Amino acid sequence: MGAIGYFTTLIFGFMVISGKETVTSGLLYPSESETREVKYLNGIWNFVKSNETNPTEGVREKWYLKELSKTTKTIQMPVPASYNDITEDSALRDHVGTVWYDRKFFVPGSWSDNKRVWIRFGSVHYEAHVWVNGQIVVKHEIGHLPFEADITDVVNYGQENLITVLCDNALISTTIPQGKIVEIPNDNGTSIVQQYSFDFFNYAGIHRSVVLYTTPKVYIQDVSVTTDVIDNTIGRVFFQITCNDSENVLTAYIQIKDKEGVVVGNVTTDSNLNGFIDIYDVNLWWPYLMDPNPGYLYTFEVNLQTEESEIIDIYRLKIGVRSLAWDDKQFLINGRPIYFRGFGKHEDSDIRGKGLDLALITKDFNLLKWIGANAYRTSHYPYSEESMQFADEHGIMVIDECSSVDTENYTPALLDKHKSAMEQLIHRDKNHPSVVMWSIANEPRTSQLNADSYFGALANYTKQLDNRRPITSAIATPADQDKLAQYLDIISFNRYNAWYSNSGHLNMITQNVINEATNWHNKHQKPVLMSEYGADTVEGLHILPSFIWSEEFQRDLLSRHFKAFDILRNEGFFIGEFIWNFADFKTNQGYTRVGGNKKGIFTRQRQPKSAAFIVRRRYHELGKELDEFDDLPDDLNVYITENLSV
């Protein structure tokens, strides 16, 4: 059997195409409480790259039954991290197919005492199979999303245990995102090559934390919170608690605490475990630069208890109280119109690739606030749960996007996967106040046959999952050919005037942007935002008069867009601008990419290019003009002469 035959057998042997929508349960973010313990398995794991021409070898030979090092040669691999850039081996960087991880761990003997033990992965790209002590405990497909398994009856308490993970990065026509695997002749035979159309590197591995945690035998399985605002002074918090026991009568004592730990509301539920709590003189969740105290969060505490008021399980999460509304022209939060000013981003950095990096997340949010942004889009996949928590805390609004990129060749099997991606995303992020919009795809081929019925079904399904947030999609297809926008609440469009079209012609930007945004609104009578625009810029390249690829050209290109946006704002239907991109990032090798995509306002190392300073001035000035935020940074305008600042 050839290499492609092995891949086909492996992939289709692992995928489940049921034709039914999946429903996710559990997966609360692991946190300690009086009834729960958490232990991280991050660190150095053992690692093996499978033979690309024999990717099923490890499964057939049951590598998971003993330590990998007793079967084959291993190397050290950090978790969490992408494996691609850790070594100096191009074969690992460009590897297509399966890799293996394993490590040993201890489970405290005390965990055997009337507890459940769970293993939880924040994200593995893209497909994962997990064995504990030689037993398969969970399989999961679709990267960037968490999954878990109850391993109570599998682990050895007070003893050493072995965890083994198989990760497969192969993309085909029915995966999310899509791709294609081909064999291409090389100097020594053939190479197996993963082809994909999306413009970011196909990093793979165990990208986010691996966590052991405990719950009681009867436990809080899920918490769903929604909020509303009454007369700008009362916050109404609706909730639904789910537990794993449907036989006994259980209730929940809920209390909400403010930032100082003062209880501002409480209630005891009946056995339905739902209800609402009113918070008087509420501190609303406001975006950055819309309030002196943005991102205000309360602590929502759930105490699951028996009829005799015996507490069984305790779980806490942060919540923000805010309302969302939209019509044919505006998007409002807490009754006030929003103008989005932000970026497309990537989870991407040197060495660790897409691996979770708390220092990087902290730096990125510091830069977002420094530059005056109030939003970003999780292009083109769900970001880490930790980054969502940062957005909540800093008042940064998020357009939350699933991992469907450049979607085409629409089939029922693909639609099932796409629905699953949206369901898992909404299940994970439904309680985050920062999430103000769902994006169902980036640049899908929406002029193709079947795009209409495909996206109609997907949009309707997404609205069934959550009708309290609007849905959008970043569209690159022209308005007169597109079949998707009719199903959206907000129209988002990507266009690279003076870059991919009319390259270098700065005088062909402003009117084109005005015309396209106006056409979208006139056709669909919905709010419009520009979700991508920009220019590749080599840091330190200066050319005057401005010339393509130079820092001066990036500055001038943004300026021409700013003029269009200000004209459109006066029309009343244009609600936001998102620069592509926040920071430079790695892409697949290609002659149009010098080390990656250079459209960042910041370098990959998070240092500003010249344009960052004009963006900073614009975003802060818009905060003052639109949101009446007068506390501008002292260094926004530097001193030049007594009568001139820039």
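The sections below take up these topics in turn, for a model that is predicted.

The structure holds zero disulfides. For Cys402, the closest cysteine sulfur belongs to Cys167, and because the separation is 20 Å, the two are too far from each other for a bond, given that a disulfide requires a pair of cysteine sulfur atoms within 2.5 Å.

Two of the cysteines can also be described by their accessibility. Cys402 has a relative accessibility of 1% and therefore counts as buried, and Cys243, with a relative accessibility of 14%, counts as buried too, since the cut-off for that class is under 20%.

## The largest cavity

Five cavities of 30 Å³ or more are present in the structure, and the largest of them has a volume of about 180 Å³. Its lining is made up of 18 residues, and those that lie nearest the centre of the cavity are Glu347, Leu360, Ile361, Asp364 and Ser387.

Helix α4, which spans residues 358–371, gives the most to this lining, with four residues. By residue class, the lining of the largest cavity divides into eight charged, six nonpolar and four polar residues.

## Arg606 and its contact with Asp364

Arg606 is found in the loop that runs between strand β32 (574–579) and helix α10 (611–627), and with a relative accessible area of 3% this arginine is buried. Its side chain is joined to that of Asp364 by a polar contact of 2.8 Å, and Asp364 is itself among the residues that lie nearest the centre of the largest cavity.

Leaving aside residues up to four places away in sequence, Arg606 touches His346, Asp348, Leu360, Lys363, Asp364, Leu367, Phe582 and Ala583. Of these neighbours, Leu360 is another residue listed as lying nearest the centre of the largest cavity.

## Tyr296 in its loop

Tyr296 is found in the loop between strands β19 (274–280) and β20 (298–306), and its relative accessible area of 5% is the reason why this tyrosine is classed as buried. A polar atom of its side chain lies 3.1 Å from the backbone nitrogen of Lys259.

When residues up to four places away in sequence are not counted, Tyr296 touches Asp258, Lys259, Glu260, Asn283, Leu284, Trp285, Ile319 and Gly320. As a further point of reference, the C-alpha atoms of Tyr296 and Asn581 are separated by 28 Å, the two residues being 285 residues apart along the chain.

Technical notes:
Residues numbered from 1 in each chain as written. Predicted model: local features only at pLDDT ≥ 70, side-chain atom pairs only at ≥ 80, totals over all residues. Heavy atoms only, no water. Buried < 20%, exposed > 50% of the residue type's maximum accessible area, 1.4 Å probe, protein only. 1 Å grid on protein atoms, 1.4 Å probe; cavity = no way out; pocket = protein on both sides within 12 Å on 5 of 7 lines; lining within 4 Å. Points joined across faces, edges and corners; volume = space filled by probe spheres on them. Helix = DSSP H or I, 4+ residues; strand = E, 2+ residues; numbered from the N terminus. Nonpolar A, V, L, I, M, F, W, Y, C, P; charged D, E, K, R; others polar. Contact = heavy atoms within 4.5 Å. Polar contact = N/O pair within 3.5 Å; in protein donor to acceptor, adjacent residues only side chain to side chain.
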